[in-house]
Amino acid sequence: MGFRHHLKMCWSRALLSCCALLLMLQPSLDAVPISIDKTKVKEPEQKPEEPPANVDTGLHYDRYLREVIDFLEKDQHFREKLHNTDMEDIKQGKLAKELDFVSHHVRTKLDELKRQEVNRLRTLIKAKQDIEGGNDIAVDHQALLKQFEYLNHMNPHTFEVEDLDRLIQSATKDLENYDKERHEEFKKYEMMKEHDRQEHLKTLNEEERKKEEEHYEEMRKKHADHPKVNHPGSENQLKEVWEEADGLDPEDFDPKTFFNLHDTNGDGFFDEQELEALFTKELEKIYDPTNEEDDMVEMEEERLRMREHVMNEVDTNKDRLVSLDEFLVATKKKEFLEPDSWETLEQNQAYTDAEMREFEEHLAQQEQDLSQRAVDLQKQRHELERQQEQLNAQKIELQQAVEHMERLKSQKVDGQPEVHIEGNDLSHVQADDNQLHVEREAQLPGHQDQLPPGSPAEHHQQHEEHQQNSENPPQHQEVPAVHPEVVQEHPNQP
């Protein structure tokens with residue numbers, strides 16, 4: 001889900017506007033009413049004052065924000081203006097104009113911080129381009145830097161009034177939207193949880209589905225069966241902490257002493273982390289990490305709901321801090337003394353039926369898009385395989401052609417291969433060659449009457465003569481005998 005457990009730093013460290021509040025009245029840690037038995041009160045040990053720890057706000061420009069705040073606090077003039085400027089003036093940009101009066105050393109350091117931040121953003125942009133395969137694409141850093149509203153990208157060299165104003169406005173907007181974004185994330189989590197349960201039921205037969213539904217109802221009722229949860233920030237809720245966590249008598253409860261005990265960093269304010277710590281006892285009534293029916297994601301959401309509720313009721317100047325004065329005023333209200341009952345998450349469904357239907361339609365569309373994408377990828381795969389097969393076939397044909405040309409080239413260089421004949425076969429080959437030579441000579445003009453007796457040429461000639469005689473009986477002619485000397489006159493030729 002990516003839920004942040006809480007924003008672990010006070011708003012003064014996340015926003016310049018809160019620096020003013022940090023310089024206001026620091027509550028006295030030893031201001032215990034006379035009616036309280038001091039022997040029962042565990043006063044915090046006196047420790048050397050240390051600056052608040054710089055904890056990540058969750059903003060992507062957190063480091064830049066904190067470094068700017070640290071250096072501005074070092075300027076005497078700026079600190080005095082912070083002390084005399086209220087929250088609305090700071091949000092409207094009146095404080096930013098005081099930047100022109102800070103010392104040269106501070107301005108020089110702010111210029112350096114801005115240049116470092118711009119270079120960091122450019123590096124991130126280039127890295128993103130590389131990951132997305134755009135190594136050969138020229139990066140327009142000025143155009144891409146427009147998305148970072150917390151600094152003036154048109155002037156990447158010096159830190160000006162506009163930069164401070166942008167930083168205040170961006171941090172204000174981003175942190176004020178945190179709860180809204182958290183609500184949406186948790187709503188999606190709950191809807192996905194129900195969607196997965198319904199999809200699982202579809203895979204079961206009727207008997208299995210019935211058992212699963214019965215088990216689900218049993219777990220839901222078991223989770224809802226818990227002790228009464230006190231209204232967050234009410235007298236009853238704080239007295240329970242006073243008694244069980246602090247070990248003090250609930251009859252001796254004193255709001256100012258309670259505030260001092262639980263202002264753990266001693267800065268005179270309840271920040272969000274300190275407030276959320278006050279609700280641990282209430283959450284333990286509802287959630288147990290060893291129980292199957294208890295969802296720890298829901299527990300964290302319940303904690304944040306309680307903190308958000310107290311902030312809305314007590315934080316009158318909306319700086320996301322509860323000062324001692326704000327806290328004491330709240331303890332005198334009717335809502336503190338006679339609060340309404342607190343409805344937990346199981347009593348408040350995070351989404352409506354209409355939102356669930358829209359969510360299901362969105363998931364179905366996503367699934368359809370993914371299926372179509374899978375089909376397209378499969379077609380592309382088949383086409384690539386077909387092209388690969390064609391390339392392989394062409395490669396084989398080319399290789400065979402090259403091998404054939406190499407063989408022809410080798411034969412021309414080496415000449416005809418020799419024929420080896422063994423034994424007495426040589427005489428038969430010579431006789432056959434002689435016979436073939438005589439037959440060829442006999443077919444030449446002037447040699448047709450010199451065919452050797454018994455040769456195939458002689459048989460063919462006699463057959464033709466017999467056919468001619470049967471049609472036109474010729475006159476009797478004597479055929480001269482062929483003497484052996486005729487054959488000897490034509491020696492073997494290759």
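**Helix packing and local details**

Mentor: The axes of helix α9 (residues 178-202) and α15 come within 11 Å and cross at roughly 150°. Axes here are lines fitted to C-alpha atoms, for helices over the stretch in contact, with angles from 0 to 180 degrees between N-to-C directions. Helices are DSSP runs of H or I with at least four residues, strands are E runs of at least two, and both are numbered from the N terminus.

Trainee: What are we looking at, and how is it numbered?

Mentor: It is a predicted model, where local features need pLDDT of at least 70, side-chain atom pairs count only at pLDDT 80 or more, and totals for chains, interfaces and linings use all residues. Residues are numbered from 1 along each chain as its sequence is written, and side-chain values use heavy atoms, with hydrogens and water left out.

Trainee: How are α9 and α15 oriented to each other?

Mentor: α9 and α15 are roughly antiparallel, a label for angles over 145 degrees; under 35 is roughly parallel, 65 to 115 roughly perpendicular and the rest oblique. Their crossing is left-handed, meaning that the near helix is turned anticlockwise from the far one by less than a right angle.

Trainee: And α11 with α12, what is the angle there?

Mentor: Roughly 60°, with the axes of α11 (residues 235-244) and α12 (residues 255-262) coming within 11 Å. That pair is therefore oblique, and the crossing is left-handed.

Trainee: Back to α15. How many of its residues are buried?

Mentor: 14 of the 19, so α15 is largely enclosed by the rest of the structure. Buried means under 20% relative accessible area, exposed over 50% and partly exposed in between, with a 1.4 Å probe and protein chains only. α15 covers residues 296-314 and reaches 27 Å from first C-alpha to last, close to the 27 Å expected at 1.5 Å a residue.

Trainee: Which residue caps its N-terminal end?

Mentor: Asp295 does, with a side-chain oxygen 2.9 Å from the backbone nitrogen of Val297.

Trainee: Switching topic, is Lys256 buried or partly exposed?

Mentor: Partly exposed, at a relative accessible area of 30%. Lys256 sits in α12, and its C-alpha is 7.0 Å from that of Leu328, 72 residues away along the chain.

Trainee: Last one: what does UniProt annotate?

Mentor: The unreviewed UniProt entry gives "domain: EF-hand" for residues 250-285 and 302-337. Residues 250-285 are 56% helix and 6% strand, with end C-alpha atoms 19 Å apart. For residues 302-337 the figures are 67% helix, 6% strand and 22 Å.

Technical notes: The expected span of a helix is 1.5 Å times one less than its number of residues. A polar contact is a pair of N or O atoms within 3.5 Å; within protein, one must be able to donate a hydrogen and the other to accept it, and residues adjacent in sequence count only if both atoms are side-chain atoms. UniProt positions are given in the numbering used here, feature names are shortened, and annotations may be inferred rather than shown by experiment.
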